[in-house]
Amino acid sequence: MFCYQCQETAANEACTDVGVCGKDAETSNLQDLLVWELKGLSAIAERARAEGITDEALDVFVAESLFSTITNVNFDPEWFEDRIAETQRRRAALRETYEREVGELDDSSLPEAATWTGEDPTDFHEKADPSTVGALRTEDEDLRSLRELLTYGLKGIASYADHAYALGETKDEVFAFVTRGLAATVDDRYDAEELTNLVLEAGEVGVEVMEILDTAHTDTYGHPEPTEVDIGVGDRPGILISGHDMKDMEELLEQTEGEGVDVYTHGEMLPANAYPAFKEYDHFVGNYGNAWWEQHREFEAFNGPVLLTTNCLVPPSDSYADRVYTTGVVGFPEVPHIDGREDGEPKDFSPLIEAATGTEPPEQIESGTIPNGFAHKSVLDRADEIIAGIQAGDIRGFVVMGGCDGRHAERNYYTEMAKEFPEDVIILTAGCAKYRYNKLDLGDINGIPRVLDAGQCNDSYSLIRIATALQDALDVEDINDLPIAFDIAWYEQKAVTVLLALLSQGVEDIRLGPTLPGFLSAGVTDLLVEEFGIKPIDTVESDIQEILATI
Ligand code: FSO
Ligand code: SF4
């Protein structure tokens, strides 16, 4: 295996024996083969699109399949064997349609990924080698780095498109870009410059897809409201829901009402607590625990069943594995899976309700509340107060410390940064990075909390909306002249999309930590440094000083 798609990759170079995340070599290689085949399928789909042949079901299949290869989503080799076989079936059907409607496809004009066919899992395993179908098939390091950077950006885009699709929001342009981008990574005609342009375009499409998802969430569940989320526990059995899928959240709350069980969020599902539609449920108690990487201890102490709707799943310990359920694109061998929706019918979460009945209530691990619900509407509703605060000098500026949390001890940097900023600095956040400082009680400035949490990683879109609204209000032409600095933490591929989205908005001088991506070659790093001023984090002391000098 060879995988270097996340921040915790071994030695910041690559996982080559087993993933630090727990992914085994067999699964990793099959993921490579699936992604390669999706690229080949996209090469044909791109030609079909040019002739006006589109297929939304196929686009969604591609998006879901890409999503399943994001870090900590699916660890089940059988899932990938099935998906690879299905990709080949769908590719053959698309090819047939194309040849019937347009004319014969010349194999010599297609990449091998569009024509290779394996008969069965044995063939898949033989083919699934990193140097044949994975990152290492590209020898030139800069080209490899750009192809992978684009692929990871597309994975994030695909995941957000998939969530929006579940809520009935979709845009063909997004799927069209995913098709074009995937096809480009197996097309030798694309040189470094063209791939760089596609990487930057992925940022623009990233903003677009986050906007679509924002509309899907807010049209369906209302705009998040400032909310003090309870982090204690009730005295009834509980079900814990993690991940990002709000449709799953809705159906779980609906089906558990009146069943004598409480529902709690974990990790990235915390922002569900701020949506008006979900606040209606009395048995929705609050949030339990912290970011994804602390789940071993926390799932164990929770006592009740746990539902993983998306990343981030950590291979479960024996002590609670029998209480874990997956759904959507998440999977783990031997862990029960709640099937998808059929014909508009909701998913059936009754196995979790049955499993919860009679269990001990969650063990109390914390108490108190944490503030949430500061997405664009609730922040911009107070724009006048914020502008007045800036003009009066009460608010010196803002630091965006969004992104991901993770296991590395160096991430303590973000806690220390939050503590060390002077009291006239406001922290804007989204994603699970916030767990490093959202329980610190950093106070407020004239009633405006010093930590404004917009929500999930996809709600980074809110941070862009807030920045552009401030630009208008303060009559600042260049986003970089605003009193806002960016100190982003990354872990998995959605964060790559968020980073590219910020770059597409012209944001410069972003600090990125705790390490720069292992998949960036020296050449691509130079490009990001020269063009955008991206820099690694340094010490708390020097970064605070530098940031304060710029805001
Ligand atoms: Fe994982 Fe966290 Fe939201 Fe990231 S829970 S790490 S960017 O925030 O994606 O899924
Ligand atoms: Fe390693 Fe990250 Fe890949 Fe897992 S996802 S195998 S930790 S690089």
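Buried means under 20% relative accessible area, exposed over 50%, and partly exposed in between (1.4 Å probe, protein chains only). The model is predicted: local features need pLDDT of at least 70, side-chain atom pairs count only at pLDDT 80 or more, and totals for chains, interfaces and linings use all residues. Residues are numbered from 1 along each chain as its sequence is written, and side-chain values use heavy atoms, with hydrogens and water left out.

The whole structure holds 31 salt bridges (a side-chain nitrogen of Lys or Arg within 4 Å of a carboxyl oxygen of Asp or Glu). One of them joins R49 and D59 at 3.0 Å, N to O. Both residues, R49 and D59, are buried. A salt bridge also joins E64 and R83, at 3.2 Å. E64 lies in helix α2 and R83 in helix α3 (residues 77-101), so this pair ties together parts 19 residues apart in sequence. E64 is partly exposed, at 25% relative accessibility. R83 is buried, at 13%.

K347 and D248 form a further salt bridge, at 2.9 Å, N to O. Both K347 and D248 are buried. Salt bridges with shared partners join D248, E251, R341 and K347 into one network.

Ligand 1 is surrounded by 13 residues (a heavy atom within 4 Å). The closest are H244, E268, C312, C432 and E492. A polar side-chain atom of H244 lies 2.9 Å from an oxygen atom of ligand 1. For N311, a polar side-chain atom also lies 2.9 Å from an oxygen atom of the ligand. An N or O atom in the E268 side chain is 3.3 Å from a ligand oxygen atom.

Technical notes: Chains are lettered from A and ligands numbered from 1 in the order in which they are written. A polar contact is a pair of N or O atoms within 3.5 Å; within protein, one must be able to donate a hydrogen and the other to accept it, and residues adjacent in sequence count only if both atoms are side-chain atoms. Helices (H or I, at least four residues) and strands (E, at least two) are DSSP runs, numbered from the N terminus.
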